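Here is a short tour to follow in your viewer. Please take the stops in order, selecting as you go.

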Amino acid sequence: MKKSVFLGTLAATALLAGFASAGTLEDVKARGELICGVNTGLVGFAAPDANGNWQGFDVDVCRAVAAAVLGDASKVKYVPTTGETRFTALASGEIDLLSRNTTWTFSRDVELKFTFVGVNYYDGQGFMVKKDLGVTSAKELDGATICIQTGTTTELNLADFFKSNNMSYQPVAIQTNAEGEQQYLAGACDAYTTDASGLAATRAAFADPENHVILPEIISKEPLGPVVRQGDDQWADIVRWTLNALIAAEEYGVTSANVDELAKGTQNPEINRLLGAEGNLGEMLGLDKDWAHRAIKAVGNYGEIFAAHIGESTPIGLARGLNAQWTQGGLMYSPPFR
Amino acid sequence: MSDTHAQTELFVRHEMIPPSEPPALETGAIKWLRENLFSGWLNTILTILGLLVVFGLARLFLPWFLHGVWNANSLGECREIIAQTWGPDASGACWAMIRERWNQFMFGFYPRELYWRPVLALLFLLVGLAPVLYSELSSKLVAAGAVIAALIVVLAYNYGVWLPVGMLVTIAAVSAILDARGAKWPRNLLWFSALYPAVAFWLLWGGSVWLPFVAVLGFVLGFIVMRLVSAQLGAILGASAGAVAAVLWWSFGAGPLDEALIGMTGTARPFWLQTVTSDQFGGFVLAFTIGVTGIAASLPLGILLALGRRSDMPLVKVISVGFIEFIRGVPLITLLFVASLLLNYFLPPGTNFDIILRVIIMVTLFAAAYIAEVIRGGLAALPRGQYEAAAALGLDYWKSMRLVILPQALKISIPGIVSTFIGLFKDTTLVVFVGLLDPLKGITDAVRAAIEWKGIYWEPYLFVGSIFFIVCFSMSRYSMYLENKLKREHR
């Protein structure tokens, strides 16, 4: 019974869909909801709380875009995606935006026909070892057994690193992070390797974090950022500049607390253009002048998002490092709002 | 003579000696132990070794279980409590996670204020299953019915909605009327079993009651047309005409009527329930939705495929064999990926073909292929005489199958069918690979991604595994009950 009803509605929607495939912005506005692909669960970046509300660093990008476009950060439908399903979901139009710690690489950008609109987190692969092993550098890991998630770029990075340093290692294949932690704690491997942010979260969750050290070497570049389909430049611009607005807001000292005040007009023309007191940047994007104001109001500036989910005051305790503003020696650099 | 007799028989016992207790070594637990565990030196050694292993395992795991913490807000708190109560080196389970995330394991992201709907759907499922699983009334069944009715009332009271009670009263009233007209309990509930898919759909997904209503009308229409045409032109044409009528109704009649009825009632209660979309399903609500629908739909499909494979009609046979062999030759995960990824490319962009429905279809097809082969085994086990006897009675194909062959073949196939069902139910956890939040891995990983519970490993698996065990074990016990009940051989 269910089948036929569903198939009936399917036929109807298929007919409608034929006419209603305009730009993503129009689709989102017509739907009144942003469909955002997120991780099925990654500490600090995307996870549902006990009430089923999604929270995290990547989730806040979705919320900011929804606030800018729809005026309400809660009008997001989160689609949990796995490593396998994420690109298909985006390419087929099932989601409007993929915000799921996805590494920006050449082939994904060029061959898979996606547009990476920016970087919201610069990550890199690191190692964690037990303190009593006495290792202080990854260069000393010659001959070590290493727990490594199979089928990921981390596996390839690891092979490259050991090859270029003329060292050998024994891989212990694992499927998930949780399994890797378990194997590592049980002593099945000397070192555990994954993205540095993941290592920090893992170490923070151990019963004895003081007995484990994260080695200083970062062996890969993992610029993670939101992704959209290629070919809809207006939508790519909206997501790109929403992210830039969050980064610029931190640079100019605009926070969720003072954004209402600053939106009335300041001495700084850059802030005025960003928040819509001057110029018509919002209209150029196809939105209204308050778009960035709403996004910052809803989730805070980049620094606030970082501090709330993964920063040093949280149990994960990540330092800003590469993700500090360019004025602080980091890589976070928004092009000018002009 | 008599003197002699008096001298030789000094004592004559007039009553039997009461039977004495058997020797202590030949009775009760000791006898059982001697016969089963210590019957020889080899068995004695094995018994002692076995005891040592059990003891070792218990020493390893029992403290972990017993030190379990139920009240804490994070894994760190759990560890603190355990360290405080049992010493710094003690290990213990952190069951508090299950306590805090119980709702997520059960309902996924289903809106909290609507939890009564999936629960009600489950209770009604039991009601709908009663006439299918049990043919006569027993005191246990009456007790179960009373408990379910009480639970429904409590549920309605807790959530402040009276729809469940209204539905319960309707079911009881209609069944009581049927009872008075000759259909005995629990047979008189069969009408509800037939209606249950529509009721469950409405309760789970919500929306207007008229959508499932017009869909059911299609079945009714098809059935009436089939009856009318069959009487005139025979069974095959009748079934085809019925199917065509139903499809025509769903294609052209159902939509306008649905809209007209919705236009009349709008979103007024009790014709409207708040809509819940498929992405809010998760946990055991998802596992049960997929599992129960798959089980219910795969059995009839499997029977048809089994009959098709043994059919004399070449086309039917080729299609059945091709379908069964193809589906059985492909891993379920492949089918799920096809449902989730490949279909997205084939369907026009923007089409929203419900992901749960896609998964249900794939799981059903997969299980149906296995069921078909299990039933074919049952069909093959029947002596040829049974087929010939059915033909000799003048029964046509469908009647001989329905009345003579299938009842016997299905009885033989029960263990295999139930095995397939159990496998299907457990396979529902594979949906995690297409991004649905199954209870075993999807929800568990999502919970672990919260910083409070990161690092927890065994507890969620043990919890979800034990619920799966309860459900699968019940299915297995029911199949044993059914086998015993249907046993006709005198062995």
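This is a predicted model: local features need pLDDT of at least 70, side-chain atom pairs count only at pLDDT 80 or more; totals for chains, interfaces and linings use all residues.

Next, select the contact between the two chains, to which chain B gives 46 residues and chain A gives 45 residues. On the chain B side, show helix 4 (75-86), helix 5 (96-107), helix 9 (190-205), helix 10 (210-233), helix 11 (235-265), helix 14 (332-346) and helix 18 (439-448), the elements that supply two or more residues each. Which helix of chain B makes the largest contribution to this side? Helix 10 of chain B does, with five residues. Colour the chain B side by residue class, and you get 25 nonpolar, 12 polar and nine charged residues.

Stay in chain B and go to the loop between helix 8 (163-180) and helix 9, where B:Pro186 sits. The peptide bond between B:Trp185 and B:Pro186 is cis, with omega about -5°.

Now move to chain A for two backbone details. Select A:Lys113, in the loop between helix 5 (106-110) and strand 6 (114-116). A:Lys113 is not a glycine, yet its phi is positive, about 60°. With 13 other C-beta atoms within 10 Å, A:Lys113 is partly exposed.

Finish at A:Asn166, in the loop that links helix 6 (153-164) to strand 10 (169-174) of chain A. A:Asn166, also not a glycine, has a positive phi of about 60°. Is A:Asn166 buried or exposed? A:Asn166 is exposed, because 7 other C-beta atoms lie within 10 Å and the cut-off for exposed is 12 or fewer.

How values were computed: Residues are numbered from 1 along each chain as its sequence is written. Chains are lettered from A and ligands numbered from 1 in the order in which they are written. Two residues are in contact if their C-beta atoms, placed from the backbone, lie within 7 Å. Helices (H or I, at least four residues) and strands (E, at least two) are DSSP runs, numbered from the N terminus. Ala, Val, Leu, Ile, Met, Phe, Trp, Tyr, Cys and Pro count as nonpolar, Asp, Glu, Lys and Arg as charged, and the others, Gly among them, as polar. A residue is buried if 20 or more other C-beta atoms lie within 10 Å of its own, exposed if 12 or fewer, and partly exposed in between; C-beta atoms are placed from the backbone.
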